[in-house]
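This report describes the fold of one protein chain and a few of its residues.

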Amino acid sequence: MRISKVFLYDEPSVPEIEIDNLAKFIIEKTGFQVEVRKSFFDYFNADREIAYKLAYVRIFNPYIPFEKHEPTSEEVSFEEESFVNRSILNNIILYDGFELQNILSNIIPDSDLASDMFHLVFTTRRTCTYDCDDYRYHGRTVICSNPSIISTTGIIEAPAKPREYLLAYYENITRGLNLDSVKNQFRGRFLEFHDKNLGGVVRGYALQAIFYYLTSKPFCESKDCMLYNAHWQEELLHSQIEISSLCENHQKILYEFRQKSE
Ligand SMILES: [Zn+2]
């Protein structure tokens with residue numbers, strides 16, 4: 001695959017994404033053209049029919065593979081309301097990531113769907129995919145395809161917090177103690193909602209989605225590369241914030257694609 005243009009869809013309720021900075025970063029790194037658009041459903045004037053489809057792909061039982069859910073009128077109205085009032089999305093509802101990707105893909109007009117046009121959609125919705133290895137859904141930060149989806153809720157919740165933090169957290173819960181002191185003690189070792197580091201971290205996820213589209217290999221083995229598939233928050237902060245660059249090998253691969261697109 002090749003890319004000549006990237007379309008970024010903002011998630012305005014998470015300004016920490018700093019979408020314009022992300023656009024500049026992608027242009028500098030890849031040489032591709034980048035167009036920033038407002039939120040996906042806003043840009044494409046989503047209506048009640050789309051709201052219905054979204055409510056259709058909610059997951060209620062994480063232990064069974066996807067089955068379509070016939071939504072209630074309240075559920076559809078909730079999705080419809082979320083198009084104008086984004087703050088109502090409370091990050092609790094789970095959506096099947098591939099089904100959601102399908103819905104987005106069907107909304108994008110053919111004129112914007114040429115294979116060299118790559119779409120990257122930010123959302124606060126919790127995306128998850130069913131894993132046949134352990135027969136359950138898992139939260140996913142990125143759904144790689146075209147369009148690709150990055151869930152800001154997934155960034156905060158999918159990579160695990162430090163073990164010591166989790167132990168201290170549950171110990172304080174059992175003893176009925178205040179949780180703020182634990183949070184303060186471990187602050188900076190994991191991302192929180194509206195974290196200032198989010199803008200740095202989304203760069204790596206955006207590159208993973210782009211690499212998946214270009215090469216079908218989104219990840220790197222090296223923790224010192226932005227393509228490292230972090231399972232822990234501390235690894236995520238290390239590769240995206242401390243290192244914040246690609247390894248030599250991936251830099252070279254990107255350079256070759258850049259030569260081709262120019
Ligand atoms: Zn690498």
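Ser-216 sits in the loop between α9 and α10; helices (H or I, at least four residues) and strands (E, at least two) are DSSP runs, numbered from the N terminus. Residues are numbered from 1 along each chain as its sequence is written. The model is a predicted one: local features need pLDDT of at least 70, side-chain atom pairs count only at pLDDT 80 or more, and totals for chains, interfaces and linings use all residues.

Ser-216 is not a glycine, yet its phi is positive, at about 60 degrees. Ser-216 is exposed, with 9 other C-beta atoms within 10 Å. Here a residue is buried if 20 or more other C-beta atoms lie within 10 Å of its own, exposed if 12 or fewer, and partly exposed in between, with C-beta atoms placed from the backbone.

Helix α9 covers residues 198-215 and helix α10 covers residues 233-243; they pack at an angle of about 90 degrees, and their axes are 9 Å apart. This makes α9 roughly perpendicular to α10. Angles under 35 degrees count as roughly parallel, over 145 as roughly antiparallel, 65 to 115 as roughly perpendicular and the rest as oblique. Axes are lines fitted to C-alpha atoms, for helices over the stretch in contact, and angles run from 0 to 180 degrees between N-to-C directions.

On the α9 side the contact involves Gly-200, Val-201, Arg-203 and Gly-204, which meet Leu-236, Ser-239, Gln-240 and Ile-241 of α10. Two residues are in contact if their C-beta atoms, placed from the backbone, lie within 7 Å. The residues of this contact of α9 with α10 divide into three nonpolar, four polar and one charged. In that count Ala, Val, Leu, Ile, Met, Phe, Trp, Tyr, Cys and Pro are nonpolar, Asp, Glu, Lys and Arg are charged, and the others, Gly among them, are polar.

Tyr-212 is also part of helix α9. Tyr-212 counts as buried, having 20 C-beta neighbours inside 10 Å. Leaving out residues up to four places away in sequence, Tyr-212 touches Cys-144 and Pro-218. Tyr-212 and Ser-148 are 64 residues apart along the chain, and their C-alpha atoms are separated by 9.6 Å.

**The two sheets**

Helix α9 lies across β5, β8 and β9 (148-151), and runs at about 160 degrees to β9. These strands belong to an open sheet of five strands with mixed pairing, in the order β2-β1-β5-β9-β8. Its edges are β2 (33-37) and β8 (142-143), each with a single partner strand, so one side of each has no neighbour in the sheet. Two strands pair if DSSP finds at least two bridges between them.

Another open sheet has four strands in the order β3-β4-β6-β7, again with mixed pairing. Its edge strands, β3 (58-59) and β7 (136-139), each pair on one side only. Helix α5 (residues 97-107) lies across β4 and β6, running at about 70 degrees to β4.

Strands of a sheet pair through backbone hydrogen bonds, either parallel or antiparallel. The table lists three of the strand pairs.

| Strand pair | Sense | Bridges | Facing residues |
|---|---|---|---|
| β1 (residues 5-9) and β5 (residues 117-123) | parallel | five bridges | Val-6 and Phe-118 |

**Backbone exceptions**

Most residues other than glycine have a negative phi, and most peptide bonds are trans. Tyr-135 has a positive phi near 55 degrees in the hairpin of β6 and β7, where four residues separate the strands. Tyr-135 is exposed, with 11 other C-beta atoms within 10 Å. Asn-146 and Pro-147 are joined by a cis peptide bond, with omega about 5 degrees. Pro-147 is in the loop between β8 and β9.

**The protein as a whole**

The secondary structure comes to 11 helices and nine strands. The radius of gyration is 19 Å, close to the 18 Å that the globule rule gives for 262 residues, so the protein is as compact as a globular protein of that length. This radius is taken over C-alpha atoms, and the rule is 2.2 Å times the number of residues to the power 0.38. The C-alpha trace spans about 60 × 50 × 35 Å along its principal axes. Of the 262 residues, 34% are buried.
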